[in-house]
Amino acid sequence: MTGPNPVFISTTPVLASLDIARTVAFYARVLGAKSIHAQPGEYGIVSLGGLELHFWACTDAAIPKLTSCRIQVAGIAALHAQCLTQNAVHPNGGLCCQPWGTQEFSFLDEDGNCVTFYEVQQAAPAS
């Protein structure tokens, strides 16, 4: 007997970082993240409310430019405005509505990791 089926609870993105301390400081400055762990040359963790982002140290500058993740938020317009003031919005990733029912924008950190923030839009009431 194998027991009950697993229940998936959450996900924790792990992104590449060329400088753990700089990356943790960037997320704290731009998003207000709380530093949980920052071990230079090894690993970093920041907390954004109820979720965490993890960072592993790498030395290949191409790797972070090839990684991304998506984070669901509430209050996307305010977050977008905040990221605009920090010049962290991806040049091709401005705030827009998607046909799959989300409003979203893309954010670039200092290493080139792309984080897409999205908010599920309320469906129009049926008439």
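**Close-up 1. Strands β3 and β4 pair in the antiparallel sense in this predicted model.** Six bridges join β3 to β4. Strand β4 covers residues 51-57. Within this pair, S47 stands opposite E52 of β4.

**Close-up 2. Strands β2 and β3 form a hairpin.** Strand β2 runs over residues 34-39 and β3 over residues 43-48. Their pairing is antiparallel, with five bridges. H37 has I45 of β3 as its bridge partner. Three residues lie between the two strands. In this hairpin, G41 adopts a positive phi near 75 degrees.

**Close-up 3. An open sheet of four strands has the order β1-β4-β3-β2.** The pairing in this sheet is mixed. From one strand to the next, the twist averages 20 degrees.

**Close-up 4. Helix α1 lies across the strands β1, β2, β3 and β4.** The helix comprises residues 20-31. It runs at about 10 degrees to β3.

**Close-up 5. The protein chain holds two helices and eight strands.** Along the sequence, the pattern reads β-α-β-β-β-β-α-β-β-β. The C-alpha trace spans about 55 × 55 × 25 Å along its principal axes. Of the 127 residues, 37% are buried. Among contacts with a separation of 6 or more, 49% join residues 24 or more positions apart.

**Close-up 6. The protein chain exposes about 7,700 Å² of surface.** Carbon and sulfur atoms supply 57% of this area. The chain carries 5 positive and 9 negative side chains. The centres of these two sets are 4 Å apart.

Notes. Residues are numbered from 1 along each chain as its sequence is written. This is a predicted model: local features need pLDDT of at least 70, side-chain atom pairs count only at pLDDT 80 or more; totals for chains, interfaces and linings use all residues. Side-chain values use heavy atoms; hydrogens and water are left out. Two strands pair if DSSP finds at least two bridges between them. Axes are lines fitted to C-alpha atoms, for helices over the stretch in contact, and angles run from 0 to 180 degrees between N-to-C directions. Contact means heavy atoms within 4.5 Å. Buried means under 20% relative accessible area, exposed over 50%, partly exposed in between (1.4 Å probe, protein chains only). Accessible areas come from the Shrake-Rupley method with a 1.4 Å probe; for residues, only the protein chains shown count as cover. Lys and Arg count as positive and Asp and Glu as negative; His and the chain ends are not counted. The place of a charge is taken as NZ of Lys, CZ of Arg, CG of Asp or CD of Glu.
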